[in-house]
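Welcome! Here are some friendly questions and answers about how the terms used for a structure follow from its values.

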Amino acid sequence: MSNWLDEVKFDSNGLVPAIAQHHQTGRVLMVAWMNREALQLTAEKNQAVYYSRSRQKLWHKGEESGHFQTVHEIRLDCDADVIILQIEQHGGIACHTGRESCFYRKLTPQGWEIVDAQLKDPTAIYGASAKVEAHDHGQTEQVDVLGYLGRLMQQRKTAEADSSYIASLYKKGINKILEKVGEESVETIIAAKDYAVLASLENKHDLIYEVADLWFHSIVMLGYFDLDPQVVLDELARRQGLSGLVEKANRSQEA
């Protein structure tokens, strides 16, 4: 029996493009390159190993970020010159910009628009040396982050428990979700107290990250009840015309 690697048509540089696709949703997460050794290691380890053209060496996806890719299936196209990996993306982030997918920009009449939220700051993944793309500056003004997270919650509720952190929380049920909300509330309070006393840059970042964790798990909780984060924004908007005392009095009357 011939070696299955011999059937792959590597280019003149000994490389073949490899597309990483979510094994459940079908979403294309990234495109990279493989040489013969990378493809063989991927098949042996059931984890994605690519070849970095810029660094001229093998690249085990997740070796720096921790965002490994478990490979469920490997396919070869009809011309034998493109590979597709059906993968599970650990950490839910495939892109070095901190997003689920590298394909986060959509062509609109105004040009390329960022439509996927950044799930994690690249500096929190790779450290201060993280590469920041020019088109990422000001991305929070271009992306409906809460809307994206609301849609993500609905997708994860029907996904397999082992496919993502969010799906695992939904599988464990409301008590586990509320436990996480409670934990993040306590950690936010501690971070705020530390920042009030020490006021260092590190304490500031800790507070921001803890508040983000608290908001995130609160959105998971809302998703459990099929409530979109927009309902909270609507409530905040409703209050804008009321003073704090009037709003509190109205709530007391409604109760």
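Q: Which residue stands opposite arginine 75 in strand 6?
A: Isoleucine 84 is the residue that stands opposite arginine 75. Strands here are DSSP runs of E with at least two residues, helices are runs of H or I with at least four residues, and both are numbered from the N terminus.

Q: What should I know about the model before going on?
A: This is a predicted model, in which local features need pLDDT of at least 70, side-chain atom pairs count only at pLDDT 80 or more, and totals for chains, interfaces and linings use all residues. Residues are numbered from 1 along each chain as its sequence is written, and side-chain values use heavy atoms, with hydrogens and water left out.

Q: How do you know that strand 5 and strand 6 pair?
A: Two strands pair if DSSP finds at least two bridges between them. Seven bridges join strand 5 (residues 69-76) to strand 6, so the pair meets that definition. The two strands run antiparallel. Their hairpin has six residues between the strands, and alanine 80 takes a positive phi near 65 degrees there.

Q: Why is glutamate 184 called buried?
A: Buried means under 20% relative accessible area, exposed means over 50%, and partly exposed is in between (1.4 Å probe, protein chains only). Glutamate 184 has a relative accessible area of 5%, so the residue is buried. Glutamate 184 is found in helix 5 (residues 174-198). Leaving aside neighbours within four places in sequence, glutamate 184 is in contact (heavy atoms within 4.5 Å) with Glu210, Asp213, Leu214 and His217.

Q: Why does glycine 26 count as partly exposed?
A: Its relative accessible area is 30%, so glycine 26 falls in the partly exposed class. Glycine 26 is found in the loop between strand 1 (16-22) and strand 2 (28-34). Glycine 26 and glutamine 86 are 60 residues apart in sequence and 8.1 Å apart in space, C-alpha to C-alpha.

Q: What makes a set of residues a nonpolar core?
A: The term means buried Ala, Val, Leu, Ile, Met, Phe, Trp, Tyr and Cys residues joined through side-chain atoms within 4.5 Å. The largest such core has 19 residues, and Met34, Leu39, Tyr50, Ile83, Leu85 and Ile87 have the most contacts inside it. Strand 2 gives the largest share of this core, four residues. Apart from it lies another core of twelve residues, among them Leu152, Ile166, Ile177 and Val220.

Q: Why is leucine 236 called partly exposed?
A: Leucine 236 has 43% relative accessibility, so the residue counts as partly exposed. Leucine 236 is found in helix 7.

Q: How many residues of the protein chain does the burial count cover, and what share is buried?
A: Of the 255 residues of the protein chain, 35% count as buried.

Q: How many helices and strands are there in the protein chain?
A: There are eight helices and eight strands.
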